[in-house]
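Please examine the structure shown below.

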Amino acid sequence: MYTNSGLYIGMAEGERIYLQPSMANRHGLIAGASGTGKSITMKVLAESFSDGGVPVFLCDIKGDISGLAQPGVSSESMEKRIDRFGIRDEFSYKGYPVTFWDIYQEAGHPIRATVSDLGPDLLSNILGLTDAQTGVLNIIFKIADDNGLHLIDLKDLRAMLNYVGEHKKDYINTYGNIASQSIGGILRALLPLESQGGDLFLGEPDLDIMDWIRIDSEGKGMINMLNCVKLVQNPALYASFMLWLMSELFERLPEAGDMDKPKIVFFFDEAHMLFTDAPKLLVQKVEQLVKLIRSKGVGIYFITQSPSDIPDGVLAQLSNRVQHALRAYTPAEQKAVRAAANSLRANPAFKTEDIISQLGVGEALISVLDENGVPGIVQNAKVICPQSLMGPCDESVRAAAVAADGMSKYDEGIDRDSAYEMLDRQKEKDEEAAKLAAEREAFEKEKAAFEAQKKKEEEAAAKKREKEEAAAAKKLEREEERRQKAIEQRKKQIERQIINSGAQILKRGIMNTLMGKKR
């Protein structure tokens, strides 16, 4: 409840406990075992910020925070609580301006970011890549940027990884070594993110974070509620989203310095998911963002079961604390209770360590910064009741809010020309060029084979002609020989005939002579 220019969050020993709006960007922690009232505390703070004109983002882990959009319902227990906290004249059951979001696009407007929005360093942290893989991923982004290949969704990134892997020889001299093993490792690391819904989160239209920093016509801060019922079952995607969101805020928002109230406040429920088994570099990145984002006028509140779920470097930045009950049945749990107690400024009226395990539902140890930024002495308090509905809102209320919040521009995905499509076209061109080259090569081979065959046939024809000519010449030669032989034979015959004729003439002459003598 926002009253007296402060966020009235609880009461201790008849005294109201206020969170000063000017100190709200010093971040905070809401911790406690399951069922101790953490979600109600988050809801009360969200209502108070909204009433104070501060936009809010929060995660609805169990689906029961959506009641913020609907007025609460009077009951005997609620009326008693209203009187107990002395807010009868200030309290009214009311709903708040809520914009519903859902990465899985089922219970609200989609939230999307592009691969380029995440960038290689943040994506490497999310995927837990090695130094070598991170180096290759930076090269992939650089090649894409130099060639105008937009990395929007996972299929763009996959296409780019595969393309560079296939053509790495073309890039090594310019960008350095690109190991196939590193590309394979990056592709494998994408599988968990993709299977958990990363293909829904990464895409367009990407979220303009300024659309969350809005107030309604009555001056109330808009409460942006992310449905996380399904999302928290996919820790890789949930951690990716939270880290991207903080990075986006840090990059987009200008320096603001000290402000009367935050520009926007974020509540990250189940915050341990961001840090459990997280790489050291990822934890350092979160710690850096939490330290620096305060100057942008942003408050971040982590909700988790135990302060020990949060790394010390991050925990040290969380100045406003609401500690609900912790159970201490095992040595590890007892150690966590002692650590939680030591993180709060001691109250001489009680022993903090003992009180933590004795708190009932809706009770909490609260320590917030005063107007000078000094941590207040921890108070054993009861958290006030919310003004909105306890439990999930009616689906008709959700549908009406989604229809009227002006964020329908995010509802339909856009799949514009990006790396995947451009590389696909390039692949088609390369395949067509390869096909033409193959056809040209086949034609040249066929032409060469034809010319070789033709030459062979010409050589064979020439040989045949030579053979035929030689045979003809030989035949002519034989015929000439036969003719000459016939001539010679005829000559001889004639000569014999002449000789014979001469002999006969001579013989007749002789005979005639002889005969003449005889007469």
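Helix 15 contributes the most to the lining of the largest pocket, with 5 residues. Helices and strands are here DSSP runs, numbered from the N terminus: helices are H or I runs of at least four residues, and strands are E runs of at least two. The model is predicted, so local features need pLDDT of at least 70 and side-chain atom pairs count only at pLDDT 80 or more, while totals for chains, interfaces and linings use all residues. Residues are numbered from 1 along each chain as its sequence is written, and side-chain values use heavy atoms, with hydrogens and water left out.

Both helix 5 (154-166) and helix 15 (419-518) supply at least two residues of this pocket's lining. The residues that line the largest pocket are Ala159, Asn162, Tyr163, Glu166, His167, Tyr420, Leu423, Asp424, Lys427 and Asp430. A pocket is an open set of points on a 1 Å grid over the protein atoms alone, with protein on both sides within 12 Å along at least five of seven lines; a cavity is a set of points where a 1.4 Å probe fits but cannot get out; and lining residues have an atom within 4 Å of a point. The volume of the largest pocket is about 260 Å³, a volume being the space filled by probe spheres set on the points, which are joined across faces, edges and corners. Its lining comprises 4 nonpolar, 2 polar and 4 charged residues. In this scheme Ala, Val, Leu, Ile, Met, Phe, Trp, Tyr, Cys and Pro are nonpolar, Asp, Glu, Lys and Arg are charged, and the others, Gly among them, are polar.

What does a search for enclosed space find? Across the whole structure there is 1 cavity of 30 Å³ or more. The largest cavity holds about 40 Å³ of space. Strand 4 (28-31) and strand 10 (320-323) each provide at least two residues of its lining, which has 8 nonpolar residues, 1 polar and no charged.

The cysteines come next. The structure holds 0 disulfides, a disulfide being a pair of cysteine sulfur atoms within 2.5 Å. For Cys228, the nearest cysteine sulfur is that of Cys59, 3.9 Å away. Cys228 is buried, at a relative accessible area of 0%; buried means under 20%, exposed over 50%, and partly exposed in between, with a 1.4 Å probe and protein chains only. Cys393 is also in no disulfide, and its nearest cysteine sulfur, that of Cys228, is 15 Å away.

Side chains of opposite charge can pair when their charged atoms come close. The structure holds 24 salt bridges, each a side-chain nitrogen of Lys or Arg within 4 Å of a carboxyl oxygen of Asp or Glu. In one of them, Lys230 pairs with Glu106, with the closest N and O atoms 3.5 Å apart. This pair links distant parts of the chain, 124 residues apart. Lys230 is partly exposed at 36% relative accessibility, and Glu106 is exposed at 58%.

Arg158 and Glu194 also meet in a salt bridge, at 2.9 Å from N to O. Because Arg158 lies in helix 5 and Glu194 in helix 7 (residues 180-201), this pair ties together parts that are 36 residues apart in sequence. In another salt bridge, Asp208 and Arg252 have their closest N and O atoms 3.2 Å apart. Finally, a network of salt bridges links Asp153, Lys155, Asp415 and Glu421.
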